[in-house]
Amino acid sequence: MGADTSPHVISPPSPHLQAPSSPATPTPYARVSPNLLLPDDLLLTPEIHLKEGSPHGGLSKAPDSSLAESIHTPSVEGGDQMMSTSAPAHSLSAEEQNILAHLALAGNNCTAIQNDGPHHITSLPQFTPTPLGGFPLTHLSHSAQVFDHLDNKVLLAWFQVDHPKFVVRIFDQTGKDMLDKAAILAERVRANVSIVANFIHQEAQPVRVSPPQPQGGKDAKNLPLSFLVHNISPETRDRILSQRVWSATDITFEARPFSCQRPPDLLFCVTGFTSSDTDTVQKTVADVWAYEDNQAHINDILSMSEILEEKVHVATWNLIKSIRVECLDFKIAGGLPVPRFNIFAYSPTCDAKAWTELRSYLSILDYPTGLDGCGTAIALTSCPICHSITHPRGLCPFPFIEQWNGPKINVRPGNGRGRGRRNN
């Protein structure tokens, strides 16, 4: 979705599919430290650019690297230098160069696991603590949905704001709420982000929050949902984005990077199957996509993207192998179950036009089975609470989180819509 910034889970391929062999994975070059005396022909990785006069030969130090310098970093002072001149010359092998290169950077890498301040291990009591495994993912309709319906002048102004910055979407608020209560909501977001900022930095700079303005003015049919948060430190941005969902008693919001993330995994929702077995649905979808004519059409779409022509066929099979299905146990009035299924797949392309055409094509196909009915795509449902397009309000997983401070489901008595379970 955050992107869909979300870890991707690859479903095991169906037994009936045989993917072509994958090309061998290239061996990456080892990173090297400029302090080491290495052979002249040792190649550097593309990320390392040596500059004259820069510290460590152009290698940027990780934040707070002074807290943990590697004890293995070669020294050029005093006794060590005398010892090296008296020792016989030794030509380092490639493996030895690799070991020393990693040891030379051990100090920087160790900072990733050290707890050098309370904010690394302490939860803020004002907010719902992160559940085991993290907060549930929310899914977008497209990569840039957080910028939907923004006035063009406002969007341009947001572009011109210096980083670090990020955007937030407030839970259980409609576009009309955003418009009518923009100043109140912006102040609540600012106050809660400031709590985090001041926890990380004493006397942190004042946080700024910019509300959205709709394209077409107040009478616009479609209204934006995102606020811009800026004038913050990189540490505050990273802390906010790493937790992603912040739920206080007065407001709950989800933070997303100010970027256009890769295409969402969620493609469409299908109904019409009489079985709630996700394996049956997954096999059916895979069979339909692998059908010769459909596979050829998928190849044609992907060939228009950034994927090399000779790799299009492999990309199509990777798409098919990545299919994942989630069952939504919808129930109509009277408690009669009518299951729906969200279809996910990992897009092999980041090209916006190719991905849109691919999703459109796959959603118009029929998905027949021999015994369990025929699936057809239906419109995705947007949740009023978390704004994810994978479920209705009654199936939102957030209100069931322990110590949840945010909005509740509050399904009206006697209304069975949206009741049920989510099954993967």
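Visitor: How many of the 5 residues of S7 are buried?

Guide: In this predicted model, 4 of the 5 residues of S7 are buried, so the strand is largely enclosed by the rest of the structure.

Visitor: Which strand does S7 pair with, and in what sense?

Guide: S7 pairs with S10 in the antiparallel sense, over 5 bridges.

Visitor: What is the bridge partner of Glu 326 in S10?

Guide: The partner of Glu 326 is Asn 342.

Visitor: Changing topic. How many aromatic pairs are there?

Guide: The count comes to 8 aromatic pairs. One of them is Phe 147 with Phe 258, with ring centres 5.1 Å apart.

Visitor: Why is the pair of Phe 147 and Phe 258 called edge-to-face?

Guide: Their planes stand at 70°, and planes over 60 degrees apart count as edge-to-face, so this pair does.

Visitor: What parts does that pair tie together?

Guide: Phe 147 is in the loop between helices H3 and H4, and Phe 258 is in the loop between strands S5 and S6, so the pair ties together parts that are 111 residues apart in sequence.

Visitor: Is Phe 147 buried or exposed, and what about Phe 258?

Guide: Phe 147 has a relative accessible area of 14%, which is under the 20% cut-off, so it counts as buried. Phe 258, at 13%, is buried too. Phe 147 and Phe 258 also form one aromatic cluster with Phe 159.

Visitor: What sort of pair do Phe 171 and Trp 404 form?

Guide: A tilted one, with 6.1 Å from centre to centre and 45° between the planes. This pair links distant parts of the chain, 233 residues apart. Phe 171 is in the loop between S1 and H5, while Trp 404 is in the loop between S12 and S13. Phe 171 is buried at 4% relative accessibility, and Trp 404 is buried at 7%.

Visitor: Is Gln 403 buried or exposed?

Guide: Gln 403 counts as exposed, at 52% relative accessibility. Its place is also given as the loop between S12 and S13. Gln 403 has a positive phi of about 60° although it is not a glycine.

Visitor: And what is phi of Glu 203 near?

Guide: Phi of Glu 203 is near 55°, a positive value in a residue other than glycine. Glu 203 sits in the loop between H6 and S2 and is exposed, with a relative accessible area of 78%.

Visitor: Which peptide bond is the one at Pro 164, cis or trans?

Guide: The peptide bond from His 163 to Pro 164 is cis, with omega near 5°. Pro 164 is in the loop between H4 and S1.

Visitor: Back to rings. Which ring face does Arg 262 lie over?

Guide: Arg 262 lies over the face of Tyr 346, 4.1 Å from the ring centre. Arg 324 lies over the face of Phe 344, at 4.2 Å from the ring centre.

Visitor: What does Thr 349 touch?

Guide: Leaving out residues up to four places away in sequence, Thr 349 touches several residues, including Arg 262, Pro 263, Leu 302 and Trp 355. Thr 349 lies in the loop between S10 and H11 and is buried, with a relative accessible area of 0%. A polar atom of its side chain lies 3.0 Å from the backbone nitrogen of Asp 351.

Visitor: Last one. Where does Pro 337 lie?

Guide: Pro 337 lies in strand S9 and counts as exposed, at 54% relative accessibility. Not counting residues up to four places away in sequence, Pro 337 touches Phe 330 and Lys 331.

Notes. Residues numbered from 1 in each chain as written. Predicted model: local features only at pLDDT ≥ 70, side-chain atom pairs only at ≥ 80, totals over all residues. Heavy atoms only, no water. Phe/Tyr/Trp six-rings, centres within 6.5 Å; stacked < 30°, edge-to-face > 60°. Helix = DSSP H or I, 4+ residues; strand = E, 2+ residues; numbered from the N terminus. Buried < 20%, exposed > 50% of the residue type's maximum accessible area, 1.4 Å probe, protein only. Lys NZ or Arg CZ within 6 Å of the ring centre and 35° of its normal. Polar contact = N/O pair within 3.5 Å; in protein donor to acceptor, adjacent residues only side chain to side chain. Contact = heavy atoms within 4.5 Å. Pairing = 2+ DSSP bridges.
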